[in-house]
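Okay, everyone, thanks for making time.

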Amino acid sequence: MTNPDIAIPTRAPSLTSEDDTVLPFEVPALDLRGRVVRLGPAVDTILACHGYPAPVAKLLGEAVVLTVLLGSALKFEGRFILQTQTDGPVRMLVVDFTSPNQIRACARFDRDRVDAAVAADEASPGRLLGQGHLAMTIDRGPDMNRYQGLVALDGGDLEDAAHEYFVRSEQIPTRVKLTVAEELRPGSDGAGHRWRAGGILLQFLPKAAERMRGPDLDPGDAPEGVEPHELPEDEAWVEGRALVETVEDVELIDPAVSTEALLYRLFHERGVKVFKSAAVQAQCSCSREGVSAMLQSFSQDDRDHMIENGRISVTCEFCNATYDFKPDEVEAKA
Ligand SMILES: [Zn+2]
């Protein structure tokens, strides 16, 4: 999921943040690559349409940021789908990124358990998710193999799961930071809020062989007292990771701090190269034709069970659009 040949730098550094963009960057001196995402209207559109309780919305917002950080690296037509399945109050998060830039998301949760977690001050992301797994699927279309990566969710948050995934499955040292917050909506007299979100992904992708050494394999049943051989981490990665850990939430969501200014603060001593930024938008892929085709594929019996007041009505779980049909409009074609 790395993106080694993104185009050439093309624009002058902007002074303020550009919402709904992903900016890839590279720090050649340290063999680091990464992306910064900033979401304003896109994440607000997604979260506001659902009206979820705030901790659920925030968690889904983090999943959206992570999905954009990873999905925007796709270099072909396709979809990147991030999905959690866990036993906590938030049972499922689904975020769907369709190349080049469309994102949609929804959550399934148990409202009573979420309310109870909030009341008990136990609504951290790890508590809301609980135990289960995070799946990341790359779908290149009906004629292509799907790729799926899985990582356990074990009481940690989505950042923890992403770190674990990249180390175990791809052997790429990775740091991710995800931030979601509500801000006052201008002109709303203090009543209205809107969501903002941001994130940074940093990966260590050494070109030189001497930087690619990994630790030896686990010694297995080595005689007792033999210490596993551990190599120290590469200094370049230690430095990069330490720098990312200095990023404050506000730097990822404040419109007054541009992505370039943030990258300059982090990496100016080493030299940082930014590439062409890409736009992201909240857009669902559902359509009346698609829903109609799905209903036609159901059995007559299943369709009959869906009729209410003489109509069949289907609401998209991602965007809340409702499609309404007369039963004879969606009868299976002979
Ligand atoms: Zn939809």
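So, β1 and β2 run antiparallel and pair over seven bridges. Two strands count as paired here if DSSP finds at least two bridges between them. Look at Val22 and you'll find Val37 of β2 standing opposite. The hairpin of β1 and β2 has four residues between the strands, and Asp31 there takes a positive phi near 55°.

A quick word on what we're looking at. This is a predicted model, where local features need pLDDT of at least 70 and side-chain atom pairs count only at pLDDT 80 or more, while totals for chains, interfaces and linings use all residues. Residues are numbered from 1 along each chain as its sequence is written, and side-chain values use heavy atoms, with hydrogens and water left out.

How many of the residues of β1 are buried? Seven of its seven. By buried I mean under 20% relative accessible area; exposed is over 50%, and partly exposed is in between, using a 1.4 Å probe and protein chains only. In general, side chains of a regular strand alternate between the two faces of the sheet. In β1 both faces are covered: Thr21, Leu23, Phe25 and Val27 are buried on one side, and Val22, Pro24 and Glu26 on the other.

In α8, residues 259–267, the buried ones are Thr259, Glu260, Leu262, Leu263, Leu266 and Phe267. Seen down the axis of α8, they fall within an arc of 160°, so they line one face of the helix. That arc is taken from the directions from the helix axis to the C-beta atoms. And what do they pack against? β1, β2, β9, α6, α7 and β10, with contact meaning heavy atoms within 4.5 Å.

Okay, on to the open sheet. It has six strands in the order β7-β6-β3-β4-β5-β12, with mixed pairing. The edge strands, pairing on one side only, are β7 (147–154) and β12 (281–282). β12 pairs with β5, residues 102–109, in the parallel sense over two bridges, and Gln281 of β12 is the bridge partner of Gln102.

Which helices pack on this sheet? Let me take two. Helix α1, residues 41–50, touches β5 and β12, and its direction makes about 30° with that of β5. Helix α2, residues 54–71, touches β3, β4, β5 and β6, at about 35° to the direction of β4. For those angles, axes are lines fitted to C-alpha atoms, for helices over the stretch in contact, and the angle runs from 0 to 180 degrees between N-to-C directions.

In α1, Ala42, Val43, Asp44, Ile46, Leu47 and His50 are buried, and they pack against β2, α2, β5, β9 and β12. Just after α1, Gly51 takes a positive phi of about 60°.

Last stop, the metal. The zinc ion is coordinated by the SG atoms of Cys284, Cys286, Cys316 and Cys319, at 2.2 to 2.3 Å. Donors here are N, O and S atoms within 2.8 Å of the metal (3.2 Å for Na, K and Ca), and water is not among the atoms, so sites may look incomplete. The angles among the four donor atoms are 103 to 114°, and the site is tetrahedral, a label that needs all angles between 85 and 135 degrees. Along the chain, the donors follow the spacing C-x1-C-x29-C-x2-C. Cys284 is buried at 18% relative accessible area, whereas Cys286, at 24%, counts as partly exposed.

To put the whole chain in view: 10 helices and 15 strands, and 334 residues, 44% of them buried.

Terms used. Tetrahedral: all angles 85-135°; square planar, octahedral: opposite > 155°, others 65-115°.
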